[in-house]
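Biologist: Please take a close look at the places where the chains of this model meet, going carefully through each contact.

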Amino acid sequence: MKTKNFRIVMIIAMVLMLLVSACGTAKTPDTPSDGDAPATEGALKKVVYVTPGTLGDNGFTDSVNEGLQRIAKEYGAEVRVIENGFDSSKYAQSVEAAFAWGPDVLFTDAYGMEDLIKDYSTRYPDVKVVNLDFVLQNDANTINSVTFIQEEGSFMAGVVAALVTTSDLPYANPAKVVGAMGGQDMWVIRSFMYGYEQGVRFIDPEIEVVTNFAGTFSDPVTGKTATKQLFAQDADIVFQIAGLTGSGALEAASEDGKYVIGVDSNQNGTYPGYVVTSMVKDLGGAAFEIYKMMVEGTIEVGKTYEFHYGYAGTYLAIDDFTKAILPEEMLAKIDEIAKKLEAGEIVVERYPKE
Amino acid sequence: MNLFVEILRSSLASAIPVLLVALGGAYSFHANVFNIAMEGMMLTSAFTAVAISYATGSWVWGLVGGIAGSLVITLIFSFFILKLKTGEFITGIALNLFTTGATTYLLRQIFNVKGALISPKIVPLPRIDIPLIKDIPVLGTILSGQNILVYISLIIVVPLVFYQIYRSRMGLRLRATGFDSRAVDSVGIKSDPIKFQSLLICGLLCGLGGTALSLGYMSLFTENMAAGRGWIALAIIILTQGQPIGILLLSILFGVFEGVGLSLQNVGIPSQFTAMLPYISTIVALFIFSRQQKKKKSLAADL
Amino acid sequence: MKKTVVVILGVLLAFIVGAILLSAQGYHPIESYISMFKNSLLTKIALGNTLARMAIFIMLGLAAYFGFNSGVSNLGLFGQLLMGALVATLIGQHLNASPVIAIPLMLIAAAIAGGVYSGIAALFRLGFGMNEFITTLMMNFIAKYLIAYLVTNPMRDPNSQWPMSRPILQSNVFSRIGDIDMTVFLAILIFIIVFLYWNFTRRGYEFRLTGANNLFARLGGCEVNKNFFSSMVISGVLAGIAGAFLIMGSTQQNKLIPNLGETNASDGLMIAIISGQSMPSVLFFSLFFGIIQTGSVGMQMDTNVPSEFTVMLQAIMVLFVVAFRDYSELFINLIKARSKSRKLRTEDHEPVC
């Protein structure tokens with residue numbers, strides 16, 4: 001009985017193995033393993049984005065993906081996204097798969113996989129590697145990095161918050177208090193808050209800034225509770241810096257009749273009348289611009305590109321939703337300060353690295 | 001509105017999902033079915049409630065959809081443990097893992113979104129202002145203007161569950177089954193149908209709980225939205241030994257802990273530690289409860 | 001062996017359901033599956049990754065298996081893993097000694113950390129009768145936030161914007177033999193030791209007995225409480241070693257990050273559940289899960305099948321195998337009983353009720 005069943009198992013296993021190996025060899029020809037794809041007029045046809053996180057964060061990763069979709073649409077490139085769900089045991093094979101695919105351009109935000117990206121970018125010199133959000137460099141000096149100054153965008157968010165709380169807009173209260181709700185307590189989020197506070201003080205140093213952290217980037221239920229607590233402390237406008245958790249903040253504002261500022265992508269349309277503006281960190285725009293520079297051959301290999309306030313950097317999304325909430329003169333004032341910021345007349349202090 | 005009142009108000013609203021799920025779990029507790037699939041039932045109903053509300057534009061259908069989603073998982077669970085005689089513990093864990101995968105997958109495949117489904121097309125449960133209470137200063141802010149499931153749970157479900165478990169024939173049979181199912185079998189009442197009944201009611205209440213979470217307190221769905229609330233409900237059931245009134249009090253207490261935890265950041269406690277509070281308090285509550293049980297037991301031994 | 005056939009049937013059926021799902025969404029199922037296997041087994045690096053993943057799964061699967069089959073509901077693998085990883089990181093960052101000393105020391109310390117963390121839950125149970133599956137579960141959350149605090153504050157790598165610790169010293173990272181990480185050999189070695197302990201020692205017998213029938217074990221003279229404690233601690237030790245592997249493995253990132261191993265821990269639970277009462281199955285399913293998960297990325301590249309498909313596939317597989325395993329027993333017994341009664345009937349010419 002035992003041996004008989006064992007034989008069956010072995011046979012199944014062998015058949016499976018045969019199937020796999022036979023088909024494996026049949027399949028290889030149509031996957032170009034090295035980067036010598038016939039150059040169609042110098043175009044970069046295969047683009048891949050490797051992220052330690054996942055799509056659907058309503059922020060960082062989705063923003064990059066937007067840029068990639070634009071690349072796919074406007075340049076007809078084939079685009080792939082590799083997600084890792086912050087599962088570090090997956091990173092090695094993901095980077096391996098990404099490079100083995102034979103891409104022309106590889107975008108990444110290499111948090112936690114810095115060494116892998118460095119190592120592979122040296123081994124695959126034909127792949128143009130772009131690291132987003134912080135500076136990364138290999139020994140051969142071939143990686144392009146893109147950095148953002150979130151303090152600048154957040155500064156403008158602070159300006160808006162301060163103008164709103166000192167105004168007589170319908171949902172504004174007399175108390176000079178504004179709020180900020182962060183996801184996890186970490187350096188990046190703190191740097192957002194640092195810029196935000198500077199913006200608030202720029203308008204009126206007397207305004208109090210109340211903050212809290214929901215402790216997670218993926219639980220809107222806690223985000224809502226946290227935001228409501230800020231409202232209860234007399235804040236009439238809250239800047240949410242919390243990814244998916246932040247959708248709870250948007251909901252809280254619409255429910256309590258208060259104002260909220262979105263983050264990362266343009267969230268103005270989610271709750272019209274309550275979302276005053278969004279501080280966009282335009283990773284997608286930056287990725288697109290870098291790709292464009294590559295196609296046009298104007299890129300300087302190994303250089304770090306720092307995107308300031310404005311398109312492809314961080315900026316406030318002012319659209320019809322905003323215009324429906326804020327009065328004309330306030331918009332003019334915001335615009336004026338933004339122009340000064342762009343011109344370098346206002347300098348926002350960067351959050352120290354410690 | 002000051003912070004304290006706000007904490008109480010949102011604790012009440014955020015406690016309701018846990019309360020409903022724990023009340024459901026009370027039925028299976030009394031029937032001696034170890035139902036740890038509640039987390040999965042809650043998650044599934046949170047998803048189906050939002051999906052149906054989105055599709056139909058009606059919160060009533062959303063509510064029905066939420067209950068239906070939970071019942072599907074309940075039927076699978078019942079089929080496994082009552083018909084196939086699989087282990088409750090293993091099946092429960094397997095189902096929880098299954099629902100996490102399935103809701104994530106369905107969200108991405110049906111709605112083509114990742115992470116969260118947020119849309120104005122999702123119609124949430126209506127909020128109700130209570131005429132007289134509304135005008136009482138503090139109490140009014142806390143009690144009035146909550147969503148409809150808050151009132152249904154407090155006014156209808158809790159008393160009903162209490163009545164059914166302790167005062168009705170069904171409750172008697174249920175508790176008898178939990179006490180010794182063979183004894184019940186021997187007097188000609190089949191224990192399996194009673195277990196099935198209790199699981200169905202549990203599924204129904206978990207469905208309400210999931211709906212209260214995704215359409216009541218929120219009006220959106222995110223991946224793994226239950227986020228351990230089913231587990232907290234389970235802990236509450238064990239702590240209260242399935243007594244509805246105890247469940248009510250403890251659920252609200254846990255809601256308060258969540259709110260207080262966040263506000264402790266104001267006195268400078270790091271957010272990572274404030275986020276631990278609900279879990280630490282569960283362990284502490286379990287500790288206190290177990291000490292009391294022990295005392296009771298030793299008292300009984302003395303007599 | 002009957003069970004093996006049942007398990008394989010369950011796995012095949014899950015694959016068939018998966019194929020139906022895939023074709024329903026317009027993907028080519030066979031091509032996708034082939035791509036999955038190709039990308040996890042047929043290149044040297046992919047194979048190395050698959051095996052390294054398997055090593056983690058073996059430890060976690062074994063940890064959960066050990067608990068479940070000795071009557072201990074240890075759902076705290078994640079927390080115990082984190083504690084192991086934390087200790088391994090702390091030592092690995094600072095201990096600049098010969099790897100012959102440092103690496104075993106890190107492993108042992110991680111094992112102790114995991115064991116202590118699960119031991120606390122065991123003491124809660126024995127001392128105060130607190131249900132261990134709730135305490136272990138709650139301790140997961142506590143460990144998770146503790147790690148989050150540590151890597152954002154005292155242990156943070158100041159060069160990184162995201163919370164993560166500094167990496168451990170390069171000399172404290174496991175080496176490879178060919179493309180195969182040392183953790184693979186270690187995991188198999190540990191598996192063999194645990195297997196022998198479980199099957200051929202008196203204590204192992206007592207564990208199995210307690211898992212099968214607690215009352216019987218107690219009446220038979222086993223020290224049930226003591227066994228409960230040891231079993232819980234051993235389970236935690238195994239999870240702690242998995243944590244050390246996640247820090248020290250050459251395919252890993254060698255640093256502590258939040259959420260480290262969270263999905264791995266629940267995969268470990270799945271592997272233990274699906275393995276039922278057969279320890280060798282842990283090995284098989286660890287490899288199998290390693291293949292599915294490693295192959296999923298390549299599959300996404302080749303065929304565009306979203307990688308979350310594998311989550312679904314695993315979940316379906318667990319349900320099918322659990323259903324098949326338990327039902328087949330019932331079914332076989334039923335058929336046996338029928339044929340017996342038929343035999344009796346034909347012999348006695350009397351109806352049997």
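How many salt bridges are counted between chain C and chain B?

Modeller: The count between chain C and chain B is 0 salt bridges, a salt bridge being a side-chain nitrogen of Lys or Arg within 4 Å of a carboxyl oxygen of Asp or Glu. This is a predicted model, in which local features need pLDDT of at least 70 and side-chain atom pairs count only at pLDDT 80 or more, while totals for chains, interfaces and linings use all residues. Residues are numbered from 1 along each chain as its sequence is written, chains are lettered from A and ligands numbered from 1 in the order in which they are written, and side-chain values use heavy atoms, with hydrogens and water left out.

The contact (heavy atoms within 4.5 Å) draws 43 residues from chain C and 41 residues from chain B. Together these two chains bury about 3,800 Å², with 83% of it on carbon and sulfur atoms; buried area here is the accessible area, taken with a 1.4 Å probe, that two parts lose on being put together, summed over both. On the chain C side, C:M138, C:E308 and C:L319 lose the most area to chain B, together 16% of what that side buries. The rule also finds 4 residue pairs in polar contact across this interface, both residues being at pLDDT 80 or more; such a contact is a pair of N or O atoms within 3.5 Å, where within protein one must be able to donate a hydrogen and the other to accept it, and residues adjacent in sequence count only if both atoms are side-chain atoms. Each of α5 (99-128), α6 (132-152), α11 (262-275) and α13 (309-348) of chain C supplies at least two residues of the side that touches chain B, helices being DSSP runs of H or I with at least four residues and strands runs of E with at least two, numbered from the N terminus. The largest share of that side, 13 residues, comes from α6(C). By class, the chain C side divides into 32 nonpolar, 9 polar and 2 charged residues, where Ala, Val, Leu, Ile, Met, Phe, Trp, Tyr, Cys and Pro count as nonpolar, Asp, Glu, Lys and Arg as charged, and the others, Gly among them, as polar.

Turning to chain A, its contact with chain B takes 27 residues from chain A and 29 residues from chain B. About 2,400 Å² is buried between chain A and chain B, 53% of it on carbon and sulfur atoms, and in chain A the residues A:V221, A:Q229 and A:A232 lose the most area to chain B, together 24% of what that side buries. For this interface the rule finds 2 salt bridges, and B:R127 forms a salt bridge with A:E255, with the closest N and O atoms 2.9 Å apart. It also finds 7 residue pairs in polar contact, both at pLDDT 80 or more. On the chain A side, two or more residues each come from β7 (208-213), α7 (220-232) and α8 (246-256), and α7(A) gives the largest share, 9 residues. This side of chain A has 9 nonpolar, 11 polar and 7 charged residues.
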